[in-house]
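User: I am new to this structure and would like a close look at a single part of it. Could you take one residue and describe what surrounds it?

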Amino acid sequence: MSALVLACGNDRVADTTDLFTDSDVRAVPARPDRAAIDPLLTGVERVIVHGTDADLAAVALRLMRKERLETVSVGYVPAEADSVVRALWDLPADPRLAAELALRGEVDPVPLVRDDTGGVLVGLGVLPQIRGVVYCDDTVALRGRASRIEVNPARGAGLEVRVIRIGLLGKRVQTFHGRAVQAGCLPVIPRSDGVDHPREAGRWTWYRHTADLRLVRGLL
């Protein structure tokens with residue numbers, strides 16, 4: 001299957017071309033926006049992102065806004081060794097193996113998570129140094145303080161939520177699963193896929209989108 005390959009970030013074009021010698025490689029900015037992505041989506045059935053988790057989230061956002069999540073498969077070659085998406089969905093650590101999988105692998109849909117400001121989350125969401133009340137669906141996950149809340153897309157209901165407390169007795173983690181996590185708290189700066197939200201927020205929600213991300217991660 002032919003694929004559109006996106007080299008996200010000006011310093012990745014040569015590396016991307018080396019990995020995808022016979023594919024249509026397009027250079028786009030890091031975290032590409034509507035102007036960079038939308039004109040490239042016409043007639044495309046598979047998009048491959050070579051970049052960061054934040055780059056993948058930016059592309060997933062455009063697919064969601066264009067209502068193409070159900071028709072476009074998405075391959076991913078992480079450009080950073082600490083990619084949360086790679087670890088979550090068992091993608092190859094070797095870039096060449098990841099590129100081969102992205103080109104020729106099978107779709108295995110995974111949950112796509114949205115927030116209530118119009119963004120999406122594909123890897124890790126964080127609410128740092130939080131003080132307030134947090135619900136995972138109808139369950140109280142936090143009432144009081146925590147060092148951080150971490151959220152990942154997950155099989156099943158759609159989200160895994162971890163309440164992390166670090167104190168004199170060490171690190172304590174409580175884990176919850178559900179379709180949504182809602183926080184009402186003293187203002188914090190939420191972080192999605194390594195990118196800080198531009199403003200503090202006293203309320204924040206992450207929730208499973210109605211359509212999954214058609215991630216290419218099946219065996220060749």
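Analyst: The model is a predicted one, in which local features need pLDDT of at least 70 and side-chain atom pairs count only at pLDDT 80 or more, while totals for chains, interfaces and linings use all residues. Residues are numbered from 1 along each chain as its sequence is written, and side-chain values use heavy atoms, with hydrogens and water left out.

E150 counts as buried because its relative accessibility is 13%, where buried means under 20% relative accessible area, exposed over 50% and partly exposed in between, with a 1.4 Å probe and protein chains only.

The side chain of E150 is also joined to that of R148 by a polar contact of 2.9 Å. Such a contact is a pair of N or O atoms within 3.5 Å; within protein, one must be able to donate a hydrogen and the other to accept it, and residues adjacent in sequence count only if both atoms are side-chain atoms.

For comparison of burial elsewhere, C136 counts as buried because its relative accessibility is 2%, and C8 is likewise buried, at 0%.
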